[in-house]
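Open the structure in your viewer and keep the selection tool at hand.

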Amino acid sequence: MGGVWHRETISWLIAAAAFPAACAAIGTFGPVALWHMLLALGVAIVWQLIFLWARAQPVSPIALVTAISIGVLAPGDFSPWQIILAVSFGAVIGEQIFGGWGRNIINAAVASLAFLYFAFPQTLVAGGGHLLALSVIPGALLLVATGIVSWQIVVSAILGVALASFALGQDPTIIAAQGSMVFGLVFLVCDPVTSSATRPGRWVYGLLAGGLLALFGWTDTGFDGPQAVVFATLVASLFAPLVDAAAISVASRFRRSRNG
Amino acid sequence: MKAMRTLYGPIIDNNPVTLQILGICSALAVTTSLATATIMSVALTAVLLAGSVVISLIRRHIPNSIRLIVQITIIASLVIVTDQIIQAYVFEMSQRLSIFVGLIVTNCLVLGRAEAFAMHNPPGSSALDALGNGLGYSLILLIVGFLRELFGAGTLYGHTVFVTVHDGGWFVPLHLMLLAPSAFFILGLLIWIIRAVRPAQVELAEFEIATEKEGAAR
C-alpha cells in the first residue's frame, strides 16, 4: 500500500466534510442528535470489531460518517434499542456482510435509516432547515475538489430534482432549503462507493436519484422529514451496478463497431 | 438406512428453501402469522406427498413427451381438493391465505420433486422424499412465521406474548416484520447460519475480487 490516497484517507476526509453538518444538526435538533451519533458510532464500531475478529476485515473510520448521517437524518423520539437494532442491521447487512466499506452495494447509513423509518413509522423525524443546508456546503466543496464526490453526480442529481419537480408542477427551490435533503444529496446519494463509477453511468445515476427524490417528496413523504432522500438513495444505489454495466456494454459495443 | 436419509436429508442438509432456494414466493407471502404459515405448510406437504405417490405409481405409463402436462394435471387436481377442504373447514384461514393455496400448483418444489424423484423411484421412497421435503419446507416456514408474528405483532397463533405499547404494555412492534422484505432478511440470515455451521453448502464464488497485491501484479 503506497501513497496517501488509500481507503482510510478517503473515509477521514468524508468524516471531516460531514463535521460542520454534524455541529449544525446538534445546534438545530439539540442533544438528541449528538446522542444518536454517539450511540450509532458505538454500535458501528462494535460490529466492525466483530468482523475484524471473525473475518479479518479491517476497521474503518467510515463509522464516523455512518454515525453522523444517522444523527442528522433520524432526530426523533427513538429509544436506544431501536437505534441499536437499526444500526446493527445497517452495519451488518448493508456493509460488513459484503466485506466492509468499499465493497458494499448500499450505504450502511441508508440501510439503517430505511430500517428505522419502516420499522417504527409512528415516530416522527424532523427535517432540518437553512442552517443545516448551509453547513453542508463547505464539506461538499471539499469532497468535489478532492474528487471523492464526482461533480457529475452532484450536477445531474440537482438536474434530476429540478426536472422532476417541474414535471410535477412544483417549485424545486423549496427542496434546496431543506437541510436533510441537501445533506442526503451530498453524503448519501454521492457516496463514492455506492454510486455509479462510469462517467455516463454517473449522469444516469444522478438523474435517477434526483428524480426519485423529487417524486417521493412531492407525491408521498413530503419534505418535512428526511425520508424522501433516503428512499431515493436506496433505490438508486441498487440500480447503480446495472447502470454501470449498461454504460460499459454500450461503450464497448460502440468501440467495437468503430474499430472493428 | 437409505430410506431414513431420503426422509431426513431434505430437512436441513438439502433443504428445499435454504439450499435449493425453491418455494420462496409462498415463504414470503404467508408467513406474516404463524397460523397461516402452519396451514400453508400442511397443505403443501399434503399435496406434495399425495402428488409424489400418485405420479410414482403411474410413472411407467406416463409418455415422456407429455410428462410435465400429466404431472401438472395431477398436482392441480390435488391442489383444488386441498383448497376445497380448507374452505370447508377453516374458511377464515382460507380468506387470509387468499390465492396462495391455489398457487401451490406453481410452487417449483412440488413439480421439482415429481420430476426429479417420483418419476424415477418407487412409491415408498417417493413418499419418504416428499414427506422430507414437505417437512423441510414447513420447518423454514414455521421459523419465519414465528419470528415475524412474534416481533411484528407480539403474538403467537393470535395469543398475546408481548403486550404491545398500544395495549398499555412495553413492546413496540416492529412494523417492518409485517412487510415482505423482512421475510427475505430472515431467510437470508437463516441461510447464513446454516452455511456457517455446514460449510459444504457454500457455493463457489462466481467472481473473486482481486487483492491489492494481485491487482498490482496484473
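Select A:A44, A:W47, A:Q48, A:A63, A:T66, A:A91, A:E95, A:Q96 and A:A108: these residues line the second largest cavity. The model is a predicted one. The largest share, three residues, comes from α2(A). By class, the lining divides into five nonpolar, three polar and one charged residues.

Next, move to the largest cavity, which holds about 130 Å³ of space. To find its centre, select A:I62, A:V65, A:N107, A:F187 and A:D191, the closest of the 18 residues that line it. The elements to colour here are α3 (62-73), α5 (108-119) and α9 (179-189) of chain A, which give two or more residues to the lining. α3(A) gives the most, with four residues. This lining has 13 nonpolar, three polar and two charged residues. A search of the whole structure finds three cavities of 30 Å³ or more.

Select A:R55, A:I97, A:F98, B:V202 and B:E203, which lie nearest the centre of the largest pocket among its 19 lining residues. The volume of this pocket is about 820 Å³. Which element gives the most to its lining? Colour α8(B), which supplies seven residues. The lining counts 12 nonpolar, three polar and four charged residues.

For the second largest pocket, select A:L85, A:F89, A:F115, B:M177 and B:L189, the nearest to its centre of 23 lining residues. Two or more residues of the lining come from each of α2 (31-55) and α4 (80-95) of chain A and α7 (123-153) and α8 of chain B. α4(A) has the largest share, six residues. The pocket contains about 570 Å³ of space, and its lining is made of 20 nonpolar, two polar and one charged residues.

The last stop is the contact between the chains. Select the 12 residues of chain B and the 17 residues of chain A that take part. About 1,100 Å² is buried between the two chains, with carbon and sulfur atoms giving 77% of that area. How many salt bridges cross this interface? The rule finds zero, and it finds one residue pair in polar contact. On the chain B side, helix α8 (residues 180-197) gives the largest share, three residues. That side has 10 nonpolar, one polar and one charged residues.

Terms used: Residues numbered from 1 in each chain as written. Chains lettered and ligands numbered in written order. Predicted model: local features only at pLDDT ≥ 70, side-chain atom pairs only at ≥ 80, totals over all residues. Heavy atoms only, no water. Contact = heavy atoms within 4.5 Å. Buried area = accessible area lost by both parts, 1.4 Å probe. Salt bridge = Lys/Arg side-chain N within 4 Å of Asp/Glu carboxyl O. Polar contact = N/O pair within 3.5 Å; in protein donor to acceptor, adjacent residues only side chain to side chain. Nonpolar A, V, L, I, M, F, W, Y, C, P; charged D, E, K, R; others polar. 1 Å grid on protein atoms, 1.4 Å probe; cavity = no way out; pocket = protein on both sides within 12 Å on 5 of 7 lines; lining within 4 Å. Points joined across faces, edges and corners; volume = space filled by probe spheres on them.
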